[in-house]
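Reader: I would like to learn how to read a few local features of a protein model, taking backbone and packing in turn. Could we work through them with the coordinates in view?

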Amino acid sequence: FQAEDGIRDLRMSRGLGDVYKRQVSTQSTGQQPLKNNNNFSNQMADNNTAGAGGRGREGRGFGRGGRGGRGRGRGRGGRGGAGARGGGRGGDDDIGSWVPQTRLGRLVKDKLIKRLEEVFLHSLPVKEPQIVDYFLGSKLEDEVMKIMPVQKQTKAGQRTRFKAFIAVGDKDGHIGLGVKCSKEVAGAIRGAIIDAKLNVVPIRRGYWGGKVGAPHTVPCKLTGKCGSIKVRLVPAPRGTGIVAAGVPKKLLQMAGVQDVYTTSTGHSATLGNFVKATFFAIAKSYAFLDPTLWKKQPLFKAPAQEHSDYFLIADKKKAF
């Protein structure tokens, strides 16, 4: 792995750890990191042409930036930095200042949907993370599974970004996994947390042997696959604990599973695919119907149909 600044000196390029340390040190001291001659000339071209792009380097972070970022006078150049926005947007995660953009969000904020299980029962798509925060906000915990660098070869050299895998769960039957790639580690983590909240699924737990006490393990044998990795979850007796590697163990703990055996095949050193395969396996817990779920269930109307009058009145108010 070569440093993203293009320096070939072994003392300056020793992998991701040194690159990240240099980024943190330069941000804390306010100094600019070293650049090679080609990148320095590209930076000068950006500075000379920044006026043509509107708010290229400063301002609120939108606009096309200075043209000529590739060194040939072509291309989009650098986009405006997000740090100049003045502390971020601030109120996105606050439920009080949340303005729903979907019908489901409007029903949730007006307390017409009481439980998150009503959303899962009708397979309604969740497109706003505030919906999950509304029901599980105080219980939800997030955990960084892995942060890895990814690179893309361009004309100017290698462009390095960071990919984050984040898991969120309440340790009581809800788990979500999110993946996001960004130029900065903090941006990747924020995006992955939002993606994980949108991917929250219910987890069904069961028993091994007699049905005594609360459910403690997976209801049946479950299998998930991602890439070359295949993960299998097997019910275990009470008191066994989670017999798994480090990454799947964190995911199963956040899902609320207390006892389970696991086995995996494939190149499990690829932790991104490893945690994905575990998530796919545990998410299948409601896919199998055992005899306890054979009883007849009453049919309920979908929320959009049940509260059709609410939407009709709201649409009329918008018209006037």
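Predicted model: local features only at pLDDT ≥ 70, side-chain atom pairs only at ≥ 80, totals over all residues.

Reader: Is Lys-111 buried or exposed?

Author: The general idea is that a residue counts as exposed when its relative accessible area is over 50%. Lys-111 has a relative accessibility of 53%, and therefore it counts as exposed.

Reader: Where is Ser-123 placed, and what is its phi?

Author: Ser-123 sits in the loop between H4 and H5, and its phi, near 55°, is again a positive value in a residue other than glycine. With a relative accessible area of 63%, Ser-123 is exposed as well.

Reader: Turning to packing, at what angle do helices H5 and H6 meet, and how far apart are their axes?

Author: Helix H5, residues 129-136, packs against helix H6, residues 185-198, at an angle of about 70°, and their axes are 8 Å apart. Angles of 65 to 115 degrees count as roughly perpendicular, so H5 is described as roughly perpendicular to H6.

Reader: Which residues make this contact, and how do they divide by class?

Author: From H5 come Pro-129, Val-132 and Asp-133, while H6 supplies Ile-194, Lys-197 and Leu-198. By class, the contact of H5 with H6 has 4 nonpolar and 2 charged residues, with no polar ones.

Terms used. Residues numbered from 1 in each chain as written. Heavy atoms only, no water. Axes fitted to C-alpha atoms, helices over the stretch in contact; angles between N-to-C directions. Helix = DSSP H or I, 4+ residues; strand = E, 2+ residues; numbered from the N terminus. Parallel < 35°, antiparallel > 145°, perpendicular 65-115°, else oblique. Contact = heavy atoms within 4.5 Å. Nonpolar A, V, L, I, M, F, W, Y, C, P; charged D, E, K, R; others polar. Buried < 20%, exposed > 50% of the residue type's maximum accessible area, 1.4 Å probe, protein only.
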